[in-house]
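Visitor: I'm new to this one. Could you walk me through how to read it?

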Amino acid sequence: MFAYQIKQYGKQEQLFLNEIQKPVLSDNSIIIKVHAASLNPVDYRIRNGDAKYVLRYSMPLTLGHDFSGVIEAVGSKITRFRVGDSVYGRTPMTGTFQEYVVVGENDIAKAPKNLSLVESASVPLAGLTAYQGLFDWLQLKEKQSILILGGSGGVGHVAIQLALLTNAKVYTTASSEGKAFLQQFGHIEFIDYHKEKFYEVLPQVDAVFDMRGGDELTHSFDVVKTGGKIASITSIPTPSYAKSANMNWFYQMSLRAITAKMRQLARKKNIVFHSFLTQSNRQELEKITELVESEKLTISIQKIYPSSEINTAMKEISSGRVKGKIVVDFTNKEKIE
């Protein structure tokens, strides 16, 4: 089967088309023919080597974390899905830029009926990341206030909609283009980062959801109320995440040491800080599906690329200027180089 892979880490590294072995079916697994995959910032960060000391991958490496497709085979112990089902989801590890994926029942859900199968690929990782950040880690409650850093991106625009559904007061940093894009989702308080520094003008908030990292993450500690919470997807995972993911003792201790500075800052400010990686969760993905099908949640797709232009798509997602999601369509084999 085909796979789009990298040979080594590097910001300029190009995906190349390779022939690899098809996944093997086990009693508890499902084999899915991939129709489309979305691109996410985690993909270029892995390509760049940002996580190579925490997540150990061998080369060549297939990138990609979420997908849509049709079930081709199910193991003998699979009860929730059948051959021919249209599904979407995320893989436990990287590897969706390829012809087939093998997953478990907890990794997928039935694809939304009101989206095409290719469009559905835009939902799983962004949806789960936003959902888990807001409700599993920040435990956002009705009418609380939240700052979402990076609101116009793939995860950010989903998080804004989910926060608004809880009647939270939502603030976000945005450019004028980002503001124009996000106004479609409801009442949001905007801070133009070209003109103002959010930590100088923002009132104290109950929570911050960070998709930006760097100085913006550090300054977010200045705007959270005492006893408030910060969740980030840009920092090295914290021990709280390592424990929830059942990482071994060595990784938990390593992450404790690496994240000591940020956790110390959180203690000093009396703030709870979590940095996490998205986990597969069928039940949460089914909740997201219900919101999409009821049109309470919209996943905005900036562009769908043919597979032959996957490197162009990767360049675009790496720019940091994407409004919504980027999807790569694998269904037309004539488009595959």
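Guide: Let's go feature by feature, with a general idea and then the case here.

Guide: This is a predicted model, so to speak of local features we need pLDDT of at least 70, and side-chain atom pairs count only at pLDDT 80 or more, while totals for chains, interfaces and linings use all residues. Residues are numbered from 1 along each chain as its sequence is written, and side-chain values use heavy atoms, with hydrogens and water left out.

Visitor: How many of the residues in strand 1 are buried?

Guide: Terms come before the count. Helices (H or I, at least four residues) and strands (E, at least two) are DSSP runs, numbered from the N terminus. Buried means under 20% relative accessible area, exposed means over 50%, and partly exposed is in between, with a 1.4 Å probe and protein chains only. In strand 1, residues 2–6, five of the five residues are buried. Both faces are covered, with F2, Y4 and I6 on one side and A3 and Q5 on the other.

Visitor: Which residue stands opposite Y4 in strand 2?

Guide: Two strands pair if DSSP finds at least two bridges between them. Strand 1 and strand 2 (residues 16–19) run antiparallel and are joined by four bridges, and Y4 stands opposite L17 there. Strand 1 also pairs with strand 4 (residues 61–62) in the antiparallel sense, over two bridges. In that pairing, I6 faces L61.

Visitor: Do strands 15 and 16 run parallel or antiparallel, then? I mean, which is it?

Guide: Parallel: strand 15 (residues 301–306) and strand 16 (residues 325–329) pair over five bridges. I304 stands opposite V327 in strand 16. To get from strand 15 to strand 16, the chain passes through helix 12 (residues 310–318), and this β-α-β crossover is right-handed. That word has a rule: with the strands pointing away from the viewer, the path from the first strand over the helix to the second runs clockwise.

Visitor: How many residues does helix 3 have, and what span does it reach?

Guide: The expected span of a helix is 1.5 Å times one less than its number of residues. Helix 3 (residues 124–137) has 14 residues and reaches 18 Å from its first C-alpha to its last, close to the 20 Å expected. The helix is mostly covered, with 12 of its 14 residues buried; among them are P124, L128, Y131 and W137. After helix 3 comes Q139, whose phi is positive, near 50°.

Visitor: How many aromatic pairs does a search of the whole structure find?

Guide: A pair of aromatic rings is described by the distance of the centres and the angle of the planes. Rings of Phe, Tyr and Trp (its six-membered ring) pair if their centres lie within 6.5 Å; planes under 30 degrees apart count as stacked, over 60 as edge-to-face and the rest as tilted. The search finds nine pairs. One of them is Y4 with F330: the centres are 6.2 Å apart and the planes are at 15°, so the pair is stacked. Y4 lies in strand 1 and F330 in the segment after strand 16, so the pair ties together parts that are 326 residues apart in sequence. W137 and F276 form another stacked pair, at 5.9 Å centre to centre with 25° between the planes. W137 is in helix 3 and F276 is in the loop between strand 14 (272–275) and helix 11 (282–293), 139 residues apart. W137 counts as buried at 14% relative accessibility, and F276 does at 2%. F2, Y4 and F330 also form one aromatic cluster.

Visitor: Which ring does K7 lie over?

Guide: A charge sits over a ring if NZ of Lys or CZ of Arg is within 6 Å of the ring centre and within 35 degrees of the ring normal. K7 lies over the face of F16, at 4.9 Å from the ring centre. K22 lies over the face of Y100, at 4.2 Å.

Visitor: Where is the phi of a residue other than glycine positive?

Guide: Most residues other than glycine have a negative phi, and most peptide bonds are trans. K143 has a positive phi, near 70°. K143 sits in the loop between helix 3 and strand 9 (145–149) and is exposed, with a relative accessible area of 67%. N167 has a phi near 65°, in the loop between helix 4 (154–165) and strand 10 (169–174). N167 counts as partly exposed at 47%.

Visitor: Is the peptide bond from M59 to P60 cis or trans?

Guide: Cis, with omega near -5°. P60 lies in the loop between helix 1 (41–48) and strand 4.
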